[in-house]
Amino acid sequence: MNGVKLTLRALHHGERALERRLLAVAQRHRTEHEIHHVSRDLARWSREHAARLAEQGRHYGLDLSGPAGHLPADALAVLRERAAVAMGRRREAGLLLLHDLRSLYLSAAGNSVHWEMLAQTAQATKDTGLLALVSSCHPQTLRQVRWANTMIKNLAPQLLSGL
Amino acid sequence: METSVDRIAEPWGPRTPYGSGARWPARTDMYLRPGTGPDEVERWVPAASVLHSNGDAMDIAVARGRIVGVRGRAADRVNRGRLGPKDLFGWQANASADRLTRPLVRDGGELVETDWDTAMGRVVSRSKRLLERQGPGAIGFYTTGQLFLEEYYTLAVIARAGIGTNHLDGNTRLCTATAAEALKESFGCDGQPGSYTDFDHADVIALFGHNMAETQPVLWMRILDRLEGTDPPRLVCVDPRPTPVARRADVHLAPRSGTNVALLNALLHRIIRNGRVDHEFIEAHTVGFEELTARVRECTPAWAARICQVPAASIERAAELIGGAERLVSTVLQGVYQSHQATAAAVQVNNLHLVRGMLGRPGRGVLQMNGQPTAQNTRECGANGDLPGFRNWQNEQHVADLARVWNVTPETIPHYAPPTHAMQMFRYAEQGSLRMLWISGTNPAVSLPELARIRRILSQDRLFVVVQDLFLTETAQLADVVLPAAAWGEKTGTFTNADRTVHFSGKAVDPPGEARADLDIFLDYAARMGFRDKDGAPLVGWHDAESAFEAWQRCSAGRPCDYTGLSHQKLREGGGIQWPCNEQAPEGTERLYTEGFTWAHPDVCESYGKDLVTGASMEPAEYRSLNPGGKAVIKAAEYLPPHEDTSVEFPLQLITGRTLYHFHTRTKTGRAPQLNAAAPEVWVELSAGEAAQQDLAEGDLVEVATPRGAVRGRLRITAIRDGMVFLPFHYGYWDTAEGHRPGGDSGRAANEATITDWDPASKQPLFKTAAARIGLVERAAGTPAPAPTTTASAPAGTGGVPSTTGGPQAVALHTTEGRP
């Protein structure tokens, strides 16, 4: 069971990291309205995934912390949003956006690979509880990947050629 | 029988009851300028209405070179002679003294009159310079839902193959983008499944966020006549306001804003659980039913009741009516399209019909409505974020086929990503990569959300703004070049309503001064730019409306919106005909999907669909494996909480909307005296309970504020749901001292306060999901709110508020066959 425990831990870490990244992107790109709003919706999925992974972890004697608190409206958050508004009228901000979408894509894709590992192992070991968790969460991770990919496809031509 | 009625006081006129399955009786409505008798009319010119999406057929009365009135066409399938108040009175705006009559250019910061050569010269030289320095991505076109088919098609060819830009969209993004997206998601392709004649047969009519009485008054007359006849249909109404529809409904659900998906999932839950599904239909014609069943398994009425804040029993009652219907017609409009999770909710209405097998037969239809008169053509012609003729930008064969029609190489037509939607175009302009924006027939400085931002974008020195319009609108005042356009009645063309009925609209009089038809302006631009096809011939090879129509017919051939069986002459002489109209269906097609969902096949579908929550595009291979045989797709969606919810600081839900007497930003209806007088000034609606809590009363001057901005207006207390504040969105600044912006901190345009957020799938901006607070500015001192009393803004209490009337200037004549 050690391998499953390690993977659960890594994925739990990955989902929490993705949630933080999505929320940070939402703030940093306050003037990219679709990115801002959808990132926050997608962060909710990662938050739920982390909570459910922590719950699942208990069956394996793992003590994974619960979900992170809401990203506080701290000085950094305020700064990020102000910077977004100040930068929002510059074409160079487009490069930063593409960079951030790329990192979201990679982060979500990394999580997806971990879900895949868990799914395979759950089937092999007939771990129905784990399989149910993967079946319910992995599709959402794939949707996060596709979203980042679609946004990159749609935005890159204008942001890179319009510099 | 002849009846004279004040159509401001009685917007829907006299009744002509009829029973289920019967033909809607004719009633011919006529309004002529007071003092003009029918015998003085020299010519009647066929046209159709342009101040809503219903497509009411009419004749324009001409005397001594001027329009003097209108009369409905009794033979036409859409309205059987009836006209709405805006049809009856709106034409007067054409003759306003403040029409634009000469082109304007900005010199030394001021707009000054000039000639066409100078104005077009500036547009052309800027276009060429940007193409050379930056490429086609520097140029964008933002058009409308109010031009004619011939004009959109010409513009689409210019933008997509002439300039080669991906940036062409219509303000239809604000009104009908979700309708198109929902149809594409469910049926693989745009195209209204149902027909207005379905109302003649229906036993249950469900209206979702659709105040039909005010947005399509003639269609509402059809329902009113059914309600007065034998076997009246029962109505289900979902609307937070006490609309005329809600007052006649058997079940009225007034949910919290932003919760439509929760409500619809609960309806689907009940219908599936109670076995009210047509398994044979589902098996033969759909994919995805299992996923829907799983998705709504936990969505009980009690669950939805907590989210939507409506009684669970009412949801159950609505599900019983919809589930028990033999002939169900559903309609959908802005209460869904402009609200949170727009496409997801609109798709669930399609799902109600798919699981019940309620499509393709008389009285069984979905009508995903449009807001504007010619929005359907914006969509068909590829001026609304799709390729012309409902071609799929992700399908190389479709792009090659379009390239063949235009005689260009496929690479000429941008198809590396979906055509850019309007909100993204404004973002590109804000961010600086879009440098020229040509706006035709729309007024974003009043109609887009968060107006302070829109004014900032349009005022930038680095953005070259061209505005083509009838009047010096708020937007035109911010332009670098203003092109004076001819109005409806001053030019020839065709357009298509919300049930696929195509009408001819003729030129009755000359445009004022040097104003020119929008088509002629586009043709002139194409000629000056020297656009060529791959053999060096002119890319735009047509020269007038009729030849433009013929070019469009070639583009539409074999497509779902096939126009090959139509012609200007056939439409002029015979009245409205529904597409597809071709050799196989020379008289048009009443209902789509009578024999399955052929346009959903992977090889022919317009779209492979999107994720309803994230907006991510599906890839061709994914779609093919999901739906190899081309069936309707039952697409489930989870409920998500709204993006901007109420808080201690902003405790009210703000929704904006329409009133019966105005259209869009009042450029025409504000200039028609009877319509203007019926709703002369912005107002604010609140429920009696909410007003009491805030210590506010009818007529108080209040301020509605959000983090974006504030609006001032007098308060009308209505039976709107508690916790909600309503603002009509029509009012701007052209008739105020400031001209295009608020004088002080708070404005008159509802969009000062709205949020910039859009549905990820349809990209339609959300005007019905924001949080606001309200505060008193000044007590009423006996002055009531300037809101109509005949509509959803009717006062809740009695007394103190005079009824809305139009007086002798608003009396129209109605002719019906004598009844016993």
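Modeller: Please keep in mind throughout that this is a predicted model. We may begin with T331(B), which lies in strand β14 of chain B, residues 328-332.

Biologist: Is T331(B) buried or exposed?

Modeller: A residue counts as buried when its relative accessible area is under 20%. For T331(B) the computed relative accessible area is 0%, so the residue is classed as buried.

Biologist: Which side chain does the side chain of T331(B) join in a polar contact?

Modeller: Leaving aside residues up to four places away in sequence, T331(B) touches F199(B), A206(B), L207(B), F208(B), H210(B), M212(B), L367(B) and M369(B). The polar contact between side chains has a length of 2.7 Å, and the partner of T331(B) is H210(B).

Biologist: Let us turn to the cysteines. How many disulfides does the structure hold?

Modeller: A disulfide is a covalent bond between the sulfur atoms of two cysteines. The sulfur atoms must lie within 2.5 Å of each other to be counted. Over all chains, the number of disulfides is zero.

Biologist: How many residues apart are R102(B) and E514(B)?

Modeller: At 29% relative accessibility R102(B) is partly exposed, and E514(B), at 32%, is partly exposed as well. The salt bridge between R102(B) and E514(B) has a closest N to O distance of 3.3 Å. This pair links distant parts of the chain: R102(B) is in the loop between α1 (85-89) and β6 (104-107) of chain B, E514(B) is in the loop between β20 (501-505) and α20 (518-529) of chain B, and the two are 412 residues apart.

Biologist: D645(B) and R256(B) also meet in a salt bridge. Which of the two is buried?

Modeller: The N to O distance in this pair is 3.2 Å. The pair again links distant parts of the chain, with D645(B) in the loop between β22 (632-633) and β23 (652-657) of chain B and R256(B) in the loop between β12 (251-253) and α8 (260-273) of chain B. D645(B), at 37% relative accessibility, counts as partly exposed. With a relative accessible area of 16%, the buried residue is R256(B).

Biologist: What separates R404(B) and D401(B) along their helix?

Modeller: R404(B) and D401(B) form a salt bridge with their closest N and O atoms 2.7 Å apart. R404(B) is exposed at 58% relative accessibility, whereas D401(B) is partly exposed at 25%. Because they are three residues apart in helix α16 (residues 396-406) of chain B, their separation is about one helical turn.

Biologist: Which residue of chain A meets R427(B) in a salt bridge?

Modeller: Between chain A and chain B the count is six salt bridges. R427(B) is linked with E32(A), E430(B) and R453(B) in a network of salt bridges. In the pair that joins the two chains, at 2.9 Å from N to O, the partner of R427(B) is E32(A).

Biologist: Which helix supplies the largest share of the side of chain A that touches chain B?

Modeller: Between the two chains, 17 residue pairs are in polar contact. Helices α2 (33-58) and α5 (128-161) of chain A each supply at least two residues of the side that touches chain B. With 12 residues, the largest share comes from α5(A).

Biologist: Finally, what area is buried between chain A and chain B?

Modeller: The contact takes 28 residues from chain A and 38 residues from chain B. E34(A), R89(A) and Q158(A) supply 23% of the area that chain A buries, more than any other three residues. Carbon and sulfur atoms give 45% of the total buried area, which is about 2900 Å².

Note on methods:
Residues are numbered from 1 along each chain as its sequence is written. Chains are lettered from A and ligands numbered from 1 in the order in which they are written. This is a predicted model: local features need pLDDT of at least 70, side-chain atom pairs count only at pLDDT 80 or more; totals for chains, interfaces and linings use all residues. Side-chain values use heavy atoms; hydrogens and water are left out. Contact means heavy atoms within 4.5 Å. Buried area is the accessible area (1.4 Å probe) that two parts lose on being put together, summed over both. A salt bridge is a side-chain nitrogen of Lys or Arg within 4 Å of a carboxyl oxygen of Asp or Glu. A polar contact is a pair of N or O atoms within 3.5 Å; within protein, one must be able to donate a hydrogen and the other to accept it, and residues adjacent in sequence count only if both atoms are side-chain atoms. Helices (H or I, at least four residues) and strands (E, at least two) are DSSP runs, numbered from the N terminus. Buried means under 20% relative accessible area, exposed over 50%, partly exposed in between (1.4 Å probe, protein chains only).
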